[in-house]
Amino acid sequence: MTGSVGRPTRSAGAAWALCTALAVQGLAVAQDSDRSPVEPTAPKPAAPAATPQGTKETPRWELFEPEIDLVTVAEMCVSGLGLHLEYDRSKLEGKISLDRPGKYTPRELWDVFNRELAARSLASVQPPGHAGFKIVPLADAASTARVEASDLSGALAGYVKLVVTLDHRKAEDLAEAVKLTLSKTGGQLTLVRDSNAIVLSDFRPHVDQALRVIALLDLPASAPISAEVPVREMAPLSMATLLERVVQTRKAVGAPLSGTAIALPESSSLLVVAPAKEIGWWRATIQEFDRPEPVATIHYVPRRFGLAETARLVEATVRREGQAPSQWRMVEDSLTGTLIITATPRVHAEVQALISRLNDVEEGPRRPLRAFSIKNRRVSEVLALLEGLLDAGVLEDPSAPIEATKPAEVVQGATAPITKPGDTRARKGAEVTLAADEATNRILAFGEARVLDGLGRLIEEVDVREAQVLIEALVLSLSESQARDLGVELRKIGVRNGREWTLTSLFGLGSVDPSATSIPAQVASGASAVVLDPGDFSAVVRALETLNEGRSLTIPKVLVANNAQATLDSTLQTPYASTNASNTVATTSFGGTLDAGTRVTVKPQVADGDQIAIEYTVSLSRFVGEALSAELPPPRQENRLTSAVTIPDGFTVVVGGLEVETEGEAESRVPWLGAVPLVGELFKSSSKTKTKSRFFVFLRCNVMRATGFEDLKYESARALDLAGLDDGWPTLEPRVIR
């Protein structure tokens, strides 16, 4: 039997009819003291989200019996809430037990009614487009219920359906957590991935619980941060692989992590990128796993191939990329011919297998050929040095067996040599053949691999680039001179008794002839005074002072290799003739030349502590006058310094000097008269000279040690700029490319 209960009228008859029905079932209706007994007490209205609009307050029901018919409860809910409810009465037969006797609001009775429906696999739903509600089987509730608002405002049905759109998290990430809040019998969850939404269908209390869970989980993800965590014992790559496996395992058991770890082998650390709340877990986990593995040090003796070749093979095949320094260390002990390896037992097993395989290789060519490039010296010099070292037994194999030699002829008597225990046995030396390739500046070596390894180390020791020295010699010559001349010349002519006589005091000052009628023009230097009495007397007074200061600076610069000699000449050649006279003819021919100028010879040796030992010779010469004749060279003055000194690198220091000071006084006078005080000044000529010359030699040496000749390039660039020359390299200029 199907019943349909509509919205009740507010008449007194209807109220008394409902009360009579309740009384028949043993129920009572309690009245409020301030209400009329005709109308039932109106309950408090439900929350706006659950009470349909237009529903007025209904009376509160007071139930005294522990059990009540389910149909009666449905009618009370319809009356109290003002619902339109369609249901099958046959499915609502029977009584239900109340949790407690007492007063109930219509909403509380509605909740009790819906719980009982759920227990009977029924549900109250509100179909789409209907204002009323229906009681349907639980299996059909999801397809029958309408879609409610996301906040369930206006939803009163016991079974509801709604669409929840997520703002921050993905729907599939929250699906498992939300399913735990739904009922097993009526709950349904559907994902809408395109819209990142979830469709929920279930009883109202379970849906409320699911919404609370979604509100707690759908939070904005915090921005990840980066942290560098050092790894001291394990290799960063191995640690990153292990952490990736841990993260995958946690995800499989339902405890996923958002962060990740990136290996940084160059800095022996891990770069962790994760939310701030996960950084602590990553640090603790890395510290827990970063435990040192036990290591051991074992000596390996490669007997088949060379030490360097075997070491390169072990390095390339056994060592792992990014391995921690404490887990791997290999030293080539050339003194004993062994490889000293520190590693874990697993790595040692691989090394042992490799060494054993190499030692068990079948016999092959035991005397390989190698070519050693000589980069800094002449190949002939290095070859001669190596041959001398090999003859001296530098590469002699200490592990070679001692072979017995044939005993020499025994000498008896007093002249017999004293024998020693080792005289009859000799140790086998190194066997190697060397040849020089002048075209490519290489040494070709043919011999055992062990000997060739030692030969290669010898070549590295002797083939070193010698430092170059840029030497600047500053030769400075200073001269000062002062000369003062003062003289008087007198001339007197006269006639007595028909005889003409002349008295003169001449000193080369250019006195005037008294017989002249006028004073001629004076061409001499200095201050002069002339007195002329024509035909009788003339006098000349002349005074001259000469001052001279000279400075000559010569700066030769030369680049020379260490322990090599360099010479710089800047000279002037003056030729002279040679005359060969005989009884019949005299011939003049070229007699030769005489050089004058600057000559610098240096030989540096770079010592320890930025010091340079130099053997040097500095010569400064010049012509000081004219030749006395064409057959003779002109006079020449030369100043020379020769010494060996030690000077600091990069400093300018004085290494030699010469100072000459000369003073002279000269006087020409008439005998007896010139010695008379005061009056004698008229009969003499005096001069006073003073000269001073200084000669200094400065040296500045700069050692050029840069591998790429950067220091030499810098010095060259400075000289080119000073000379205003181009270095020849093309100039790169930007241009617009369209």
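**Group meeting: a pocket and some ring pairs**

Okay, let's start with the second largest pocket: H5 gives the largest share of its lining, 3 residues. Keep in mind that this is a predicted model.

So how much space are we talking about? The volume of the second largest pocket is about 740 Å³. Its lining takes in 20 residues, and the ones nearest the centre are Arg169, Pro256, Ser258, Lys277 and Glu278.

How many aromatic pairs does the structure hold? There are 5. Take Tyr159 and Phe203: their ring centres sit 5.6 Å apart with the planes at 85°, and since over 60 degrees counts as edge-to-face, that's what we call this pair. Tyr159 belongs to strand S10 (residues 159–165) and Phe203 to strand S12 (residues 197–203), so the pair ties together parts 44 residues apart in sequence. Are these two buried or exposed? Both Tyr159 and Phe203 are buried.

Another pair is Phe696 with Phe698, which is tilted, at 6.4 Å centre to centre and 40° between the planes. Phe696 has 26% relative accessibility, so it counts as partly exposed. Phe698, at 24%, counts as partly exposed too.

Last one: which residues do ring pairs link into a cluster? Those are Trp110, Phe113 and Phe133. That's me done, thanks!

Terms used:
Residues are numbered from 1 along each chain as its sequence is written. This is a predicted model: local features need pLDDT of at least 70, side-chain atom pairs count only at pLDDT 80 or more; totals for chains, interfaces and linings use all residues. Side-chain values use heavy atoms; hydrogens and water are left out. Rings of Phe, Tyr and Trp (its six-membered ring) pair if their centres lie within 6.5 Å; planes under 30 degrees apart count as stacked, over 60 as edge-to-face and the rest as tilted. Helices (H or I, at least four residues) and strands (E, at least two) are DSSP runs, numbered from the N terminus. Buried means under 20% relative accessible area, exposed over 50%, partly exposed in between (1.4 Å probe, protein chains only). On a 1 Å grid over the protein atoms alone, a cavity is a set of points where a 1.4 Å probe fits but cannot get out, and a pocket is an open set with protein on both sides within 12 Å along at least five of seven lines; lining residues have an atom within 4 Å of a point. Grid points are joined across faces, edges and corners, and a volume is the space filled by probe spheres set on the points.
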